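Trainee: I would like to go through this structure and ask what lies behind the terms used for it.
Mentor: Go ahead, and bring up the model.

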2 protein chains.
Amino acid sequence: MGSSQARRMPVMADVAREAGVSHQTVSRVLNEHPNVRSETRTRVLEAIDKLGYRRNLVARALVTKHSRTLGVVSFDTTLYGPASTVYGIEQAARAAGYFVSIVSLKSIDRSGVRDALDYLADQGVDGIVVVAPQRSAAQTLADLAPGVPIVAVEGGEAGDVSVVCVDQVEGGRLATEHLLALGHETVWHVRGPSDWLEAEGRVAGWRAALAQAGRAAPEPLAGDWSPRSGYEAGRSLASMAGVSAVFVANDQMALGVLRAFSEQGVKVPDQVSVVGFDDIPESEFFSPPLTTIRQDFDAVGRNSIEVLLRQIEGEGPRACERLVVPPSFVVRASTARA
Amino acid sequence: MGSSQARRMPVMADVAREAGVSHQTVSRVLNEHPNVRSETRTRVLEAIDKLGYRRNLVARALVTKHSRTLGVVSFDTTLYGPASTVYGIEQAARAAGYFVSIVSLKSIDRSGVRDALDYLADQGVDGIVVVAPQRSAAQTLADLAPGVPIVAVEGGEAGDVSVVCVDQVEGGRLATEHLLALGHETVWHVRGPSDWLEAEGRVAGWRAALAQAGRAAPEPLAGDWSPRSGYEAGRSLASMAGVSAVFVANDQMALGVLRAFSEQGVKVPDQVSVVGFDDIPESEFFSPPLTTIRQDFDAVGRNSIEVLLRQIEGEGPRACERLVVPPSFVVRASTARA
DNA sequence: GGGAAGACTGTGAACGTTAACAATGGGTCC
DNA sequence: GGACCCATTGTTAACGTTCACAGTCTTCCC
């Protein structure tokens with residue numbers, strides 16, 4: 001207290017003077033260069049401590065050309081899936097000593113993704129993770145400003161860029177096979193928006209399972225991931241005859257379906273079985289507790305950072321990896337024998 | 001295609017040469033300095049375009065001492081509240097031309113917050129928003145590395161640092177008064193963890209409303225925000241006599257309470273009325289749809305950036321602001337006349 | 001026509017770090 | 001004992017931008 005603007009932050013030269021060495025020796029101590037006499041090292045360390053010196057990472061980044069910052073582009077981090085993935089990414093990145101700079105897109109159009117990418121590249125990030133599971137986003141990645149490594153999460157086919165994703169097709173298949181195994185004649189599906197690769201994958205898994213069992217696939221009902229859209233789909237389903245099993249593409253919509261059924265007096269699981277997707281923390285406490293497919297978002301986040309760092313730090317030509325995380329099945333009380 | 005490593009990025013000097021001016025003139029064009037002949041400006045702009053030049057923000061930050069990056073420290077961005085707040089912050093920051101660097105804490109202890117703050121300060125952020133509504137976090141902010149402006153979201157009393165928050169006490173009061181107005185003798189409360197300021201505020205509002213109406217306040221039941229803890233509290237409440245109205249400190253726990261009541265055959269709202277807090281997207285589709293207190297996380301995010309920027313860009317002594325966002329009341333179907 | 005004000009442009013020096021290279025000193029090996 | 005190596009340290013020059021200041025060229029006024 002006292003001086004209005006504490007005297008200027010000490011720099012490396014100040015530490016050097018204090019310790020009676022050159023600034024380069026200070027730099028060497030900071031960077032753990034092996035060839036520094038241990039007595040010198042302690043002297044420098046003491047000086048650093050005494051002066052309260054902190055290395056200026058901006059200056060460092062300027063000369064090394066590495067910011068130790070990773071960029072994350074995501075769509076609507078308010079949703080549980082993206083939020084969890086970003087969280088996993090952030091944890092993994094920090095553990096690896098990287099900062100995380102984030103851009104949340106409100107809507108995904110080609111130019112939005114491109115802008116976000118440019119924006120992050122300008123800032124000098126060492127690599128970028130794109131959590132944007134829409135087809136439109138995935139395509140944009142192909143023709144990106146080169147030079148900065150990229151990993152796509154849930155990124156579809158991926159011509160040129162590495163991808164980490166959950167096996168959505170397998171998830172859809174698991175859900176459907178479970179319902180079929182319970183003796184249901186066929187399985188209805190409330191799908192996610194058609195622009196989303198995840199939605200497509202789940203539809204594909206559902207179709208495949210039905211086809212394999214030789215059952216007809218009813219027309220899927222369209223949703224937009226929101227509980228409301230699930231509710232509306234639920235009302236439609238409740239009014240239709242012969243619906244005994246529904247696979248809903250995410251837990252939020254499943255909640256809406258459950259609500260609609262409950263309003264219409266349709267008992268779950270007595271009259272209709274319902275399976276969701278995601279396993280959000282709430283699912284276990286739905287009425288009834290929801291049987292669902294769990295995605296390990298944490299693993300996705302961790303893996304994407306691993307792949308990205310391999311690209312950043314690795315030598316040689318950038319191999320384009322594709323890493324698939326398996327989903328798992330969580331049985332609760334919303335499904336029953338037909 | 002072709003060169004394995006595209007030739008080095010052009011720098012300002014390259015643009016200058018191309019346009020036949022000095023590097024300083026290029027800088028002036030980039031920074032929209034008024035005294036540049038418009039013909040010169042176009043020439044520079046063309047050169048920039050032709051070369052595909054992009055300004056190096058790291059070098060710029062080194063000399064200006066401003067990174068145009070804001071730090072965000074948050075606790076568990078997987079929860080709806082923090083996620084929404086961070087989202088609002090990010091949108092507002094980007095709109096103001098700032099990058100956002102984020103640190104998500106797994107648990108909040110004094111040293112965790114301090115480390116996060118140091119970490120961000122090292123990176124050279126121009127300001128920090130701390131979304132850490134625990135008392136322990138709030139206290140740490142007081143004795144922080146000075147020099148970098150800070151705003152606390154949901155930060156409690158705040159000796160020295162600006163705070164933006166939702167009026168939790170008012171929220172608790174609204175919920176309780178609503179239930180009292182419906183004719184309930186008293187209102188039970190499932191509270192959040194005691195370390196959280198938000199939990200305290202809601203308890204205080206609930207107590208105040210009961211006291212004002214001259215009613216006795218039953219012992220609150222402890223929860224940890226999770227649906228499971230709500231479920232357990234719900235089981236206790238279901239087994240107790242004379243419970244007709246419950247104010248639950250967040251929607252997730254309210255879901256657990258609803259589930260427990262449903263299992264025990266307690267009808268909501270016929271036998272017991274329930275009010276939640278947050279208004280998460282799911283609440284509208286609970287069984288029954290939940291009456292709750294809505295927090296405008298978006299406004300909180302926007303306001304916190306406004307306050308922070310005022311501190312960063314404003315001249316003069318840093319005024320310590322306190323901005324309170326009012327909660328609003330959402331009536332749905334989980335409450336009824338006693 | 002002399003001078004001053006202002007518009008426009010250029011030159012050199014920061015900013016704080018790491019990289020590259022040079023210098024010193026002590027030892028080892030033959 | 002001289003060549004050579006290695007550990008340790010210092011010196012100088014980048015990195016790519018903005019800032020401070022110094023020009024130059026108009027223009028305008030008396």
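Trainee: What span should the 16 residues of helix 5 of chain B have at 1.5 Å a residue, and how far apart are its end C-alpha atoms?
Mentor: The expected span is 1.5 Å times one less than the number of residues. For helix 5 of chain B (residues 80–95) that gives 22 Å, and the end C-alpha atoms are 22 Å apart, so the two agree. A helix here is a DSSP run of H or I with at least four residues, a strand is a run of E with at least two, and both are numbered from the N terminus. Before going on: this is a predicted model, in which local features need pLDDT of at least 70, side-chain atom pairs count only at pLDDT 80 or more, and totals for chains, interfaces and linings use all residues. Residues are numbered from 1 along each chain as its sequence is written, chains are lettered from A and ligands numbered from 1 in the order in which they are written, and side-chain values use heavy atoms, with hydrogens and water left out.

Trainee: What makes helix 5 of chain B mostly covered?
Mentor: Buried means under 20% relative accessible area, exposed over 50%, and partly exposed in between, with a 1.4 Å probe and protein chains only. In helix 5 of chain B, 13 of the 16 residues are buried. After this helix comes B:Gly97, with a positive phi near 85°.

Trainee: Which residues of helix 10 of chain B are buried, and what covers them?
Mentor: The buried ones are B:Pro227, B:Ser229, B:Gly230, B:Tyr231, B:Ala233, B:Gly234 and B:Leu237. Their cover includes strand 6 (188–191), strand 7 (221–222), strand 8 (245–248) and helix 11 (251–263) of chain B. The span of helix 10 (residues 227–239) also passes the check: its 13 residues should span 18 Å, and the end C-alpha atoms are 18 Å apart.

Trainee: Which residues come nearest to DNA strand C?
Mentor: A residue is near a strand if one of its heavy atoms lies within 4 Å of it. Of the 27 residues around DNA strand C, A:Met12, A:Ser27, A:Tyr53, B:Arg28 and B:Thr40 come nearest. Sugar and phosphate make up 61% of the DNA strand C atoms within 4 Å of the protein.

Trainee: What makes the approach of B:Arg28 to DNA strand C a polar contact?
Mentor: A polar contact is a pair of N or O atoms within 3.5 Å; within protein, one must be able to donate a hydrogen and the other to accept it, and residues adjacent in sequence count only if both atoms are side-chain atoms. A polar side-chain atom of B:Arg28 is 2.7 Å from a base nitrogen of DNA strand C, so the pair falls within the 3.5 Å limit. A:Met12 uses a backbone N or O atom, 2.6 Å from a phosphate oxygen of DNA strand C.

Trainee: Which helix gives the largest share of the surface near DNA strand C?
Mentor: Helix 4 of chain A does, with 5 residues.

Trainee: How many residues of domain 2 of chain A are in contact with domain 3 of chain A?
Mentor: Contact means heavy atoms within 4.5 Å, and 12 residues of domain 2 are in contact with 12 residues of domain 3 in chain A.
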